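Welcome! Please take a look at the sequence and the 3D structure below, and then we can walk through them together.

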Amino acid sequence: MDVMSSSLQQQRIVVDQLRREASMERQTISESCAKMMKYITEHEQEDYLLTGFTSQKVNPFREKSSCTVL
């Protein structure tokens, strides 16, 4: 009996999720792409992959100094 009730509960969760997804507002691909391109061009000065870091000290991904053998 527990298996049936847990299965029923899982199905209710799935149905609720599908209802939420079905009620979401949809956009066309062209509209979404236009918004994405606008966002990218507005924020390209903050993109370190495009502009790089001003100095190595600012770069959080710089190679850490290694130990030297005396």
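The report below goes from the whole chain to single residues.

## About the model

This is a predicted model, in which local features need pLDDT of at least 70, side-chain atom pairs count only at pLDDT 80 or more, and totals for chains, interfaces and linings use all residues. Residues are numbered from 1 along each chain as its sequence is written, and side-chain values use heavy atoms, with hydrogens and water left out.

## The overall shape

Let's begin with the whole chain. The protein chain has three helices and zero strands, and from the N terminus on its elements run α-α-α. Here helices (H or I, at least four residues) and strands (E, at least two) are DSSP runs, numbered from the N terminus.

How does the radius of gyration of the protein chain compare with that of a compact globule of 70 residues? The globule would have a value near 11 Å, but the protein chain has 25 Å. This radius is taken over C-alpha atoms, and the globule rule is 2.2 Å times the number of residues to the power 0.38. Along the principal axes, the C-alpha atoms fill a box of roughly 70 × 45 × 15 Å.

## Surface and cover

The accessible surface of the protein chain is about 7300 Å², and 60% of it belongs to carbon and sulfur atoms. Such areas come from the Shrake-Rupley method with a 1.4 Å probe; for residues, only the protein chains shown count as cover.

Buried residues make up 1% of the 70 residues. Buried means under 20% relative accessible area, exposed means over 50%, and partly exposed lies in between (1.4 Å probe, protein chains only). Asn59 is buried, with a relative accessible area of 11%. You can find Asn59 in the segment after helix 3 (48–51).

## A look at helix 2

Helix 2 is hardly covered, as the count of buried residues in it is zero.

Tyr39 is found in helix 2 (residues 29–42) and is exposed, at 52% relative accessible area. Together with Met36 and Ile40, Tyr39 forms a nonpolar surface patch with about 350 Å² of accessible area. Patches are made of residues with over 30% relative accessible area and no salt bridge; like charges are joined within 9 Å, and nonpolar side chains (Val, Leu, Ile, Met, Phe, Trp, Tyr) within 5 Å.

## Salt bridges

How many salt bridges are there? The count is two, where a salt bridge is a side-chain nitrogen of Lys or Arg within 4 Å of a carboxyl oxygen of Asp or Glu. Lys35 pairs with Glu31, with the closest N and O atoms 3.8 Å apart. Lys38 pairs with Glu42, and there the closest N and O atoms are 3.9 Å apart.

Lys35 and Glu31 are four residues apart in helix 2, so about one helical turn separates them. Lys38 and Glu42 also lie four residues apart in helix 2, about one turn. An α-helix has 3.6 residues a turn, so residues three or four places apart point the same way.

## The aromatic pair

A search of the whole structure finds one aromatic pair. The rings of Tyr48 and Phe53 have centres 4.5 Å apart and planes at 15°, so the pair is stacked. Rings of Phe, Tyr and Trp (its six-membered ring) pair if their centres lie within 6.5 Å; planes under 30 degrees apart count as stacked, over 60 as edge-to-face and the rest as tilted.
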